[in-house]
Amino acid sequence: MNAIITGATKGIGRAIALKLADDGYNLAICSRDEAALAALASELETSGVRVHYLVADCADKTAVYNFCDFCSQVFGQIDLLVNNAGVFLPGSLLDEDDTAFEQQLQLNLNGAYYLSKYMGRKMRSQRSGHIINVCSIASKQIKENAGSYSVTKWGLLSLNNVLRDELAKYNVKVTAVLPGSTLTASWDGTEIPKEKFVQPEDIAESISQLLKLSPAANVDELIIRPINF
């Protein structure tokens, strides 16, 4: 089985990569940090899987398509795409600089659109595959001080739903994962106790389990929130 993960060197992406390697998936990963990619690849390879990596900024259309071509070259078949790369820039939509919205739009939505379109066509031809989009609880609920982030994540959920509708007839599954507050670098410096958060490993384990369901079973949405935050 061959899987692609974007934004794989930190937080949720890293946890997913480690879990999928344990599950026996060969991996193609990307991020903007070559040293971190190389270190993660070495760690993942201890699970006995093949790991390929490429430096790519998923906010850059050309870089995204270069990564798509790279994945097609190293893997004949693509079984899983995890659109994980994203950024959260806190702020009021009315008061923030336009660049805050544009940066989040390019990474949180546009990058996933290009990857999903490219890999979705391959999966359509294969008549198999699974696309997982790491959205957010902000895809469904307005969050204070997260205006533009919420807009882009609502857009990602909409993209997920369109993909699911278009690909279902080709036996391709599409799932939206909507985490609540998860302990990643976005919360660096917080005084909230770590045990109050969803852990990245919780997301990874949940994805691992839904990938084991029968061929006819698709999890449309998976919401994971802290029980008492």
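N171 counts as partly exposed, at 48% relative accessibility, where partly exposed lies between buried (under 20% relative accessible area) and exposed (over 50%), with a 1.4 Å probe and protein chains only. N171 is found in the loop between α5 and β6 (173–179), and its phi is near 70 degrees, a positive value in a residue other than glycine. Helices (H or I, at least four residues) and strands (E, at least two) are DSSP runs, numbered from the N terminus.

This is a predicted model, in which local features need pLDDT of at least 70 and side-chain atom pairs count only at pLDDT 80 or more, while totals for chains, interfaces and linings use all residues. Residues are numbered from 1 along each chain as its sequence is written, and side-chain values use heavy atoms, with hydrogens and water left out.

N145, in the loop between β5 (130–134) and α5 (147–167), has a positive phi of about 65 degrees although it is not a glycine, and N145 is partly exposed at a relative accessible area of 45%.

In the loop between α2 (34–45) and β3 (51–55) lies S47, which is partly exposed with a relative accessible area of 33%. The side chain of S47 makes a polar contact with the side chain of D22 (3.2 Å); such a contact is a pair of N or O atoms within 3.5 Å, and within protein one must be able to donate a hydrogen and the other to accept it, while residues adjacent in sequence count only if both atoms are side-chain atoms.

Finally, F101 has its place in helix α4 (residues 98–126) and is partly exposed, with a relative accessible area of 31%.
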